[in-house]
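User: Could you show me how to read charged side-chain pairs in a model? I'd like the general idea and then the case here.

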Amino acid sequence: RPFAPSSRAHQYDAQRGGARVFTAAAVERQLEGHLARQPAAAGGVLERGGRGLSPPHLAHISMTPSAEEPGYSLPLLWRDSWKDIWRDSPLRLVGYSNEVGEAFRPLISRTAVHGSYALAFAYVIGDAADKASKAGQKAKAQGEPPALQMLTTAADVISWQTIASVAVPGMIINRVVALAGFAFRRAGRPPGWGPTFIGLATVPLIVKPIDHATDLLLDMTLRPAIEQFHQRRQASSKLKER
């Protein structure tokens, strides 16, 4: 399930605490223009049209040479390129395990279904730990407190993955399979593999809408809150230095 950038419908370019803030979609447009003018600025590690930008509240740390334009930064905290093995590689399929477990619920034991959820949550924790570690390393290299960056990055990743990969799709597939079984029985036919096939066929249809909705939700709730937290902390640090 590819990780979609923040919704283009929820873009903001606000002046908060003297720092210009961009959503992932806005940064993507800025990046395309920047690479067109200075193709060597990113050191060859960025790919045009890449996916999986970091949340805007982490935009004050850049892994690439900063652009000369005022207020412009590339919020790439937790990886050395656009490639994210947790979301843009076959490893992402592990995130589907609980949906598959729900689709097979009528045919397998409850323990097996619970095991599929355990595997999905292991994937979520692995993704969060990896990105938090990379965020901490980059923050430390640029003089930022690594612990706070690791904490807020983990909070964002766990929230996104839990909603988009586990809770919402699991609930939808559970209801689809249950309704399909009810329909088969109402028609006087044994459900058999029918509800399972319907549940599996539903998974690809709900992936992008759920990812998109989760980005919208976090863009309006958790991410602005974390962004404000970092801005207040930075303002407080500057006052102490004076």
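User: Are Arg-87 and Asp-127 buried or exposed?

Analyst: Let's start with the general idea: buried means under 20% relative accessible area, exposed over 50%, and partly exposed in between (1.4 Å probe, protein chains only). Here, both Arg-87 and Asp-127 are buried. Do keep in mind that this is a predicted model, where local features need pLDDT of at least 70, side-chain atom pairs count only at pLDDT 80 or more, and totals for chains, interfaces and linings use all residues. Residues are numbered from 1 along each chain as its sequence is written, and side-chain values use heavy atoms, leaving out hydrogens and water.

User: What does Arg-87 form with Asp-127?

Analyst: A salt bridge is a side-chain nitrogen of Lys or Arg within 4 Å of a carboxyl oxygen of Asp or Glu. Arg-87 and Asp-127 form one, with their closest N and O atoms 3.1 Å apart. Arg-87 sits in the loop between α1 (24-37) and α2 (97-103), and Asp-127 in helix α3 (residues 110-141), so the pair ties together parts 40 residues apart in sequence. Helices (H or I, at least four residues) are DSSP runs, numbered from the N terminus.

User: How is Glu-144 paired with Arg-233?

Analyst: Their side chains meet in a salt bridge (3.2 Å, N to O). Glu-144 lies in the loop between α3 and α4 (146-186) and Arg-233 in helix α6 (residues 222-241), so this pair links parts 89 residues apart in sequence. Glu-144 and Arg-233 are both buried.

User: Which residues are joined into one network?

Analyst: Salt bridges with shared partners join Asp-84, Arg-87, Asp-127 and Lys-131. The structure holds nine salt bridges.

Technical notes: Helices (H or I, at least four residues) and strands (E, at least two) are DSSP runs, numbered from the N terminus.
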